[in-house]
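Look over the sequence and the 3D view below.

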Amino acid sequence: MMRVEYGKVREFARAIKDANPAYAGDGALAPPTFLMTIAHWIEGGMGGTRSLKLDYRRLLHGEQEFEYLKPIRPGDVLTARGRTKDVFEKEGKRGGKMLFVITETEFTNQRGEVAAYSRSTLIQTEGAVQG
Amino acid sequence: MARFFQDVNEGDELPPVVVENLSRTDLVRYAGASGDFNPIHHDEEFAHMAGQPSVFGHGMLTAAFVGRCVTDFVGPENLRRFKVRFATRVWPGDTIVSMGKVTRMYDADGERRIDGEVQAVNQKGDVAVSGSFTAALPSRG
């Protein structure tokens, strides 16, 4: 479980250079990609990928999708339930195998409502990541 | 600042959002704010060892710039879905322009919705992020 903190929302809004007043003051909203931050801090937020022992030096974030069902605001207490939806290998265009990992994380708020889904496609390349 | 459904047309362009001269400090600030401390985004030595010419930007930071282009147009509270695909990397010194357009307008789940396509390009015109969104807009009358 994690409580969404106002200071963290402000810090995030500043880091993404977004001065939208909706992310400040009473009734502030969390910016749409703030869910990624929550995923880094919350237990279960990384879709169970920690057990896969992925190598950061060879890891690409291929795709990311968010689905928003309820607003997320400072003070909300979120619970994340992550799962690895799929793991598969593909031949890369430049040779070498690529490992695809598809994860889905469901975020539930303190009222028991599903607030959002986050779906990630991670790709681990065989050699060094190409620029 | 959200628009009414009636004020939007298919093909409408989202006003571009420009982020000039992305700095290493911007990357470090995003690392701290997001909790994403993959060293490839802040540790030059680590980046070189991984075969990269320098550190490069978090894909999710560029995605956030694209997200701002979308939420400036639809209002953050109205966003229902946001998807991004990461293409070319973003490097310190790059200027990133996020843009998009409305592709579809329809009713679903009792809401008046719009779909759109978005992308972020660097100063050379290379696509860094492409994606799509769905939003529910308030209706007049």
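In what order do the ten strands of the open sheet stand? The order is S1(A)-S3(A)-S4(A)-S5(A)-S2(A)-S2(B)-S5(B)-S4(B)-S3(B)-S1(B), and the pairing is antiparallel. This is a predicted model, so keep that in mind throughout.

Now look at the ends of the sheet. S1 of chain A and strand S1 (13-19) of chain B stand at the edges. Each has a single partner strand, so one side of each is left without a neighbour in the sheet.

**Across the sheet, strand by strand**

Start in chain A. Strand S1 (residues 2-3) pairs with strand S3 (residues 77-91) in the antiparallel sense, over two bridges. Here Met2(A) stands opposite Leu78(A) in S3(A). Next comes S3(A) with strand S4 (residues 97-108) of chain A, joined by twelve bridges. In this pairing, Thr84(A) faces Thr103(A) in S4(A) as its opposite residue.

Then the sheet passes from one chain to the other. Strand S2 (residues 59-68) of chain A and S2(B) run antiparallel, with five bridges between them. Glu67(A) has Arg81(B) as its bridge partner in S2(B).

On the chain B side, S2(B) pairs with strand S5 (residues 127-137) of chain B. The table lists strand pairings of the sheet, each with one of its residue pairs.

| Strand pair | Bridges | Example residue pair |
|---|---|---|
| S2(A) and S2(B) | five bridges | Glu67(A) and Arg81(B) |
| S2(B) and S5(B) | seven bridges | Lys83(B) and Ser132(B) |
| S4(B) and S5(B) | ten bridges | Val118(B) and Gly131(B) |
| S3(B) and S4(B) | eleven bridges | Asp107(B) and Arg112(B) |

Each of these pairings can be traced in the 3D view. Strands of a sheet pair through backbone hydrogen bonds, either parallel or antiparallel.

**Chain B on its own**

Chain B has three helices and five strands. What pattern do they follow along the sequence? Chain B reads β-α-α-α-β-β-β-β. Its C-alpha trace spans about 60 × 30 × 20 Å along the principal axes.

Two hairpins are worth a look. One is built from S3(B) and S4(B), with two residues between the strands. In this hairpin Asp109(B) takes a positive phi near 50°. The other is built from S4(B) and S5(B), with five residues between the strands. There Gly125(B) takes a positive phi near 90°.

Now find Trp91(B). Where does this residue sit? Trp91(B) lies in the loop between S2 and strand S3 (96-108) of chain B. Phe56(B) is 35 residues away along the chain, but the two C-alpha atoms are separated by 4.7 Å. Leaving out residues up to four places away in sequence, Trp91(B) touches Leu22(B), Gln52(B), Pro53(B), Ser54(B), Val55(B) and Phe56(B).

**Where the chains meet**

How many residues of chain B are in contact with chain A? The count is 32 residues of chain B, against 33 residues of chain A. The size of an interface is often given as the accessible area lost when the parts come together. For these two chains, the buried area is about 3,100 Å². Carbon and sulfur atoms give 59% of that area.

Charged and polar links also cross the interface. Four salt bridges run between chain B and chain A. One of them joins Asp26(B) to Lys17(A), where the closest N and O atoms are 3.1 Å apart. Ten residue pairs are in polar contact across the interface.

Which elements of chain B supply at least two residues each to the side that touches chain A? They are helix H1 (24-34), helix H3 (59-74) and strand S2 (79-86). By class, this side of chain B has 15 nonpolar, six polar and eleven charged residues.

Over all chains, the structure holds five aromatic pairs. One of them is formed by Phe12(A) and Tyr30(B). This pair is tilted, with 5.7 Å centre to centre and 55° between the planes. Phe12(A) lies in helix H1 (residues 6-15) of chain A and Tyr30(B) in helix H1 of chain B, so the pair joins two chains.

Note on methods. Residues numbered from 1 in each chain as written. Chains lettered and ligands numbered in written order. Predicted model: local features only at pLDDT ≥ 70, side-chain atom pairs only at ≥ 80, totals over all residues. Heavy atoms only, no water. Contact = heavy atoms within 4.5 Å. Buried area = accessible area lost by both parts, 1.4 Å probe. Salt bridge = Lys/Arg side-chain N within 4 Å of Asp/Glu carboxyl O. Polar contact = N/O pair within 3.5 Å; in protein donor to acceptor, adjacent residues only side chain to side chain. Helix = DSSP H or I, 4+ residues; strand = E, 2+ residues; numbered from the N terminus. Nonpolar A, V, L, I, M, F, W, Y, C, P; charged D, E, K, R; others polar. Pairing = 2+ DSSP bridges. Phe/Tyr/Trp six-rings, centres within 6.5 Å; stacked < 30°, edge-to-face > 60°.
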